[in-house]
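This report walks through selected features of one model. Please keep the sequence and the structure open while reading.

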Amino acid sequence: MADILHKVIEENRQGEAYAPFAEDPNAYNKKFYIESYGCQMNFSDSEIVASILHEEGFGATRNLDDANLVFINTCSIREKAEQTVRNRLQAFKKMKDEKPGMLIGVLGCMAERLKAKFLEEEKLVDIVVGPDAYRSLPALITEAEGGQKTVNVLLSREETYADISPVRLDSNGVTAFVSIMRGCNNMCTFCVVPFTRGRERSRDNLSIVAECQDLFNRGFREVTLLGQNVDSYYHTTASGEEITFAKLLEQVALVSPLLRIRFSTSHPKDITDDVLHTMAKYENICEYIHLPVQSGNTRILQHMNRTYTREWYLAKVKRIREIMPDCGLSTDVISGFCTETEAEHQDTLNLMEQCRFDMAYMFSYSERPGTLAARRYEDDVPEDVKKRRLEEIINLQNKHSRESYKNDIGKTFKVLIEGDSKRSDADWCGRNTQNKMVVFPKGNYQLNKGDYVNVKINTATSATLIGEIVE
Ligand code: SAH
Ligand code: SF4
Ligand code: F3S
């Protein structure tokens, strides 16, 4: 059975999740609670913050009532994201009224965008810290404990937190995020990220590989390399060697054939054949690419400053499928960007028909203060039109997702077990290389999370494959 199930048995393997929250409750007399919103980078940053706070003697807690320090790591990408944070702060306010010593800190992109204004707008906030200033948290906390409101939103050209070993929060012990770069230089006209996260910079490759090795040694079996545009990763080593993203992928793939590698996000203008060939070469680099298109119309793409055309995008998708015929593909789409006509919206639907994405994140355009689009273009597509176009995009994608998942019925996939399925602890769940979630009964096999297993698919919904373990 062992060879069928690819069961991994190793000395250093921990069957259970590495759970920072299970730490000795008496080890720390001060406790912090952290809640994260937004993209994976923000969740990854919260793990860096947790590490910095640990060093200062703060232990993590899942229970708000236990916390002396409450942090909210925020997102500014759309207006709704910011509204969610404001609502959450209102809920914290009630708690603070009952617990006067409690400090509230706002971290992340909204902190960066609003800076000191946050302290005026949200009176309950004590600490405001931007994404590049987390090392100053201990000093800011000390000041805040002394009754002062504190802010540090300095952006950096160098900070990558390369030497900080993240404390894995809410971990399943199998999959982890690893930041490989920070910031973004692309200046898409709709996007707030270059303003909230500053200039792009890449982290030292050796520290990335070391972090992945350490995760593997602790029982983790999948890393997701994170950056806003991973294809522009670039680092020159002390000996002058040039490390591109393709090279980095290869170095991480060589940590162990049992360590799966994923990455996000790729940019259609930058993804190279080199990266695609590296993916095809190493079985443990997952065949899945998240390739945000945003729009299927060239004029709108230019208006967005995406710097590629519809044809360029379609050619990239074709290339991906030439090199990896079974590669999973997902995307991001924005409806109703400034000046978008009905015909241009149809181009987006038509591009979706041609690409047949397995999954997509779909949004209606939300104007963000300070962006080029906000300063130069009129947000002139009426809200109801944006909504209707978004619905058309979502309906089409749902159809494509259903078809894509249905097409997998009868196939057998190698799945990395992540843990019990949400519905039942008699079932395991995990992903196939294409990033599709697979659920299957545990049966009588002696398996653990972190093990690889072959699963034959019997049925499917539009977001889950359901199957059984096969020999
Ligand atoms: N770096 C990634 C995307 C990061 S933001 C990339 O370049 O693809 C994640 C997604 O949010 C974007 O791909 C886009 O689809 C969406 N988004 C960003 N700004 C937005 C805005 N102002 N309104 C609506 N959606 C937006
Ligand atoms: Fe934003 Fe564009 Fe950078 Fe992505 S590539 S983070 S959409 S500016
Ligand atoms: Fe949001 Fe900042 Fe990420 S704006 S999407 S948390 S980079």
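The model is predicted.

**Helix packing**

Two packed helices are described by the angle between their axes and the distance between the axes.

| Helix pair | Axis distance | Crossing angle |
|---|---|---|
| α13 and α15 | within 10 Å | roughly 15° |
| α8 and α9 | within 9 Å | roughly 30° |
| α10 and α12 | 10 Å | about 30° |

Take α13 and α15. Helix α13 spans residues 342-355, and helix α15 spans residues 383-406. Their axes cross at roughly 15°. Angles under 35 degrees count as roughly parallel, so α13 is roughly parallel to α15. The crossing of α13 past α15 is right-handed. From α13, the contact draws on E342, H345, Q346, T348, L349, M352 and E353. From α15 come V385, R388, R389, E392, I393, L396, Q397, K399 and H400. By class, this contact has six charged residues, five polar and five nonpolar.

Next come α8 and α9. Helix α8 covers residues 205-217, and helix α9 covers residues 245-253. Given the angle of roughly 30°, α8 and α9 are therefore roughly parallel to each other. Helix α8 also passes α9 in a right-handed crossing. On the α8 side, N205, I208, V209 and C212 take part. They meet L248, Q251 and V252 in α9. Five residues of the α8 and α9 contact are nonpolar and two are polar, with no charged residue.

The last pair is α10 and α12. These helices pack at about 30°, so α10 and α12 are roughly parallel to each other. Here too the crossing, α10 past α12, is right-handed. D273, L276, H277 and A280 of α10 make the contact with R319, I320 and I323 of α12. Four nonpolar residues, one polar residue and two charged residues make up the contact of α10 with α12.

**Salt bridges**

Side chains of opposite charge can pair when their charged atoms come close. How many salt bridges does the structure hold? There are 43 salt bridges. One of them joins D126 and K149, with the closest N and O atoms 3.9 Å apart. D126 sits in the loop between α5 (117-121) and β5 (127-129). K149 sits in the loop between α6 (137-145) and β6 (150-152). The pair therefore ties together parts that are 23 residues apart in sequence.

**Backbone details**

Most residues other than glycine have a negative phi, and most peptide bonds are trans. Two places in this model depart from that pattern.

The peptide bond between S264 and T265 is cis, with omega about 10°. T265 belongs to the loop between β13 (260-264) and α10 (273-281).

N305 has a positive phi, near 60°, in a residue other than glycine. N305 lies in the loop between α11 (298-303) and α12 (310-323).

Notes. Residues numbered from 1 in each chain as written. Chains lettered and ligands numbered in written order. Predicted model: local features only at pLDDT ≥ 70, side-chain atom pairs only at ≥ 80, totals over all residues. Heavy atoms only, no water. Axes fitted to C-alpha atoms, helices over the stretch in contact; angles between N-to-C directions. Helix = DSSP H or I, 4+ residues; strand = E, 2+ residues; numbered from the N terminus. Parallel < 35°, antiparallel > 145°, perpendicular 65-115°, else oblique. Left-handed = near helix turned anticlockwise from the far one by under 90°. Contact = heavy atoms within 4.5 Å. Nonpolar A, V, L, I, M, F, W, Y, C, P; charged D, E, K, R; others polar. Salt bridge = Lys/Arg side-chain N within 4 Å of Asp/Glu carboxyl O.
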